[in-house]
Amino acid sequence: MTTIPFFFQNSKSGKKELFQPKDVNQVTIYSCGPTVYNFAHIGNIRSFLFVDVLRRSLLLGGYKLNQSMNITDIDDKIINESIKQNISVEEFTKPWTDAFFKDLETLQVQKLEHYPKATESIEDMVSLIETLQKNGLVYERDGNVYFSIQKFERYGELSKIDVSGMKSGVRYDADEYEKDDVRDFVLWKNQKSETEKCWHTRIGTGRPGWHLECSAMIRKIYGSGIDIHTGGIDLLFPHHENEFAQTTGAYPKEEFVGTWLHCEHLLVDGEKMSKSKGNFYTLRDILEKGFESRVIRYHLISAHYRSKLNFSLSKLEESKVALDRIQNTIYRLLESHILTDPIPATWEGIVFSLPEIQKLEVDFLNAIADDLNLPKALATVFELVRIANQSLDQKTSDSDLTFEKECLQLFFKMNALFAVFQFEKPKEELNGISEDWILEQIEKRKIAKQNKDFVTADSIRKELENQGILLADTKEGKTTWKKAQ
Ligand code: AMP
Ligand code: ZN
């Protein structure tokens, strides 16, 4: 399969660039994942759905992927809570990690190749610190190890932060650690008390700083630099700047990341949705309000990932209406019973023959290849809705149904990205008779006709009519059915 050229807005260069992975059959992508101490809120979920959109888009573009998302299961909140509840860190984080994966499953997020955990990457973090020690970029104070940004000239290159402008006394780092110079960040924290979770390592007894895990995991999984790194926009500084400093400081000759992508925030009343502000909904909160998970997915992915999205239940309701419109067209196409083998197992291998459908497919793929422009991609979906409905409105019982068939298949291909459309007709109320029985009667009638037993064939048609089922024979020799109005 040939690949489609993609263009991404690279946070590092600030420009939209042609995406040039090292190997199209092994595109390496790393995304910062959840800190597992509570349910994710739908703001966090927006950033995870963005990773799914990136994955599904590149797969549609013909790339093969090797993708990772970390699970942060070492963190001050986690350690403090597990001490409070008198349970181990593992016991404390397990249900939250499970809840995270359950949320992803509910939202049709595809599984990635790797989900490394901080607790399983201690040795990799220790070796990274040792390499940084060798390169003279760290110092130790009271058993804590810090990265000295003064010794790393390229600090600020990613986020364009002006290091000289970073003021003393301002909190830059989310870690709840003490340090001498506010601009430096901690790589390793000495154990403070007996009860605190710690690891006995070559560099001492303690635990790693948060920024370190991503650099170490990327090294562990990929061995060198990667093609794409993603995260929420709030991670650009200091987290990603620090990752860049750690990895580039340790391996100065290598490029750490080719393309940095950052997803904008989900807002509530103009403010970032966050746990600390208390202005958040979890997925469960929204499901309990009666919204289907696919409406939530559709809503969160339909805005461009680099645009802020203001969340409200009324906006979510609008998305439900939009999704219903698309879905109704798909149901109409399904109801026309045009496909004996309706939906292929996968979108791969679907080929369109009609120029109008081919053009829409190209427009759709071009939109996603243009920095994942989902609003533009959605415009092609609605154009498909329009032309499909127009054709269905004009259809007569002996119309050629190739157009409808290709419309349906294009919706199916588009769903490889959106993952919100349904291709099973909702079970119709058929006065107590089953669809299977109807199909069986159609098959019997076909055989009767082949045997030139037109009396039986007609009586089957009549019997179905009596049950309120109308048959139509297409030019291609297929028989479709519909409920009498
Ligand atoms: P955390 O679980 O806090 O480590 O965050 C997981 C991911 O969610 C990170 O990539 C954050 O940047 C992202 N994130 C946090 N709040 C929001 C928000 N309101 N909108 C979008 N992404 C967010
Ligand atoms: Zn990270």
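**E157 is partly exposed, with a relative accessible area of 29%.** Partly exposed here lies between buried, under 20% relative accessible area, and exposed, over 50% (1.4 Å probe, protein chains only). The model is predicted, so local features need pLDDT of at least 70, side-chain atom pairs count only at pLDDT 80 or more, and totals for chains, interfaces and linings use all residues, while side-chain values use heavy atoms, without hydrogens or water. Residues are numbered from 1 along each chain as its sequence is written, with chains lettered from A and ligands numbered from 1 in the order in which they are written. E157 sits in the loop between β6 (144–147) and β7 (185–190). Helices (H or I, at least four residues) and strands (E, at least two) are DSSP runs, numbered from the N terminus.

**Contacts of E157 with residues elsewhere in the chain.** Beyond its neighbours within four places in sequence, E157 is in contact with K12, E241 and F244. Contact means heavy atoms within 4.5 Å. The side chains of E157 and K12 are joined by a polar contact of 3.4 Å. S11 lies 146 residues from E157 along the chain, and the C-alpha atoms of the two are separated by 11 Å.

**Ligand 1 is surrounded by 17 residues.** A residue belongs to this shell if one of its heavy atoms lies within 4 Å of the ligand. T35, G43, D234, L266 and M273 are the closest. One oxygen contact involves D234: a polar side-chain atom of D234 lies 2.4 Å from an oxygen atom of ligand 1. T35 also places a polar side-chain atom 2.9 Å from an oxygen atom of ligand 1. At L266 the backbone takes part: a polar backbone atom is 2.7 Å from a nitrogen atom of ligand 1. Of the 490 Å² of accessible area that ligand 1 has on its own, the protein covers 89%. Accessible areas come from the Shrake-Rupley method with a 1.4 Å probe; for residues, only the protein chains shown count as cover.

**Composition of the shell around ligand 1.** Helix α1 (42–60) and strand β10 (226–232) each supply at least two residues of the shell. The largest share, four residues, comes from α1. By class, the shell holds five nonpolar, nine polar and three charged residues. Nonpolar covers Ala, Val, Leu, Ile, Met, Phe, Trp, Tyr, Cys and Pro; charged covers Asp, Glu, Lys and Arg; the others, Gly among them, are polar.

**The span 34–44 carries an annotation in UniProt.** An unreviewed entry lists these residues as "short sequence motif: 'HIGH' region". UniProt positions are given in the numbering used here, feature names are shortened, and annotations may be inferred rather than shown by experiment. The end C-alpha atoms of the span lie 8 Å apart.

Most residues other than glycine have a negative phi, and most peptide bonds are trans. The bond from F237 to P238 is cis, with omega near 0°. P238 lies in helix α6 (residues 236–250). D269 is not a glycine, yet its phi is positive, about 45°. D269 occupies the loop between β12 (266–268) and β13 (271–272), and counts as exposed at 73% relative accessibility. L372 also has a positive phi, near 50°. Its loop runs between α10 (355–369) and α11. L372 counts as buried, at 2% relative accessibility.

**S391 lies in helix α11 (residues 374–394).** S391 is buried, with a relative accessible area of 17%. Setting aside residues up to four places away in sequence, S391 touches F403 and E404.

**The whole protein chain, for orientation.** The chain has 14 helices and 16 strands. Its C-alpha trace spans about 95 × 50 × 40 Å along the principal axes. Of its 485 residues, 54% count as buried. The chain exposes about 22400 Å², with carbon and sulfur atoms supplying 49% of it. Among contacts with a separation of 6 or more, 76% join residues 24 or more positions apart.

Key. Polar contact = N/O pair within 3.5 Å; in protein donor to acceptor, adjacent residues only side chain to side chain.
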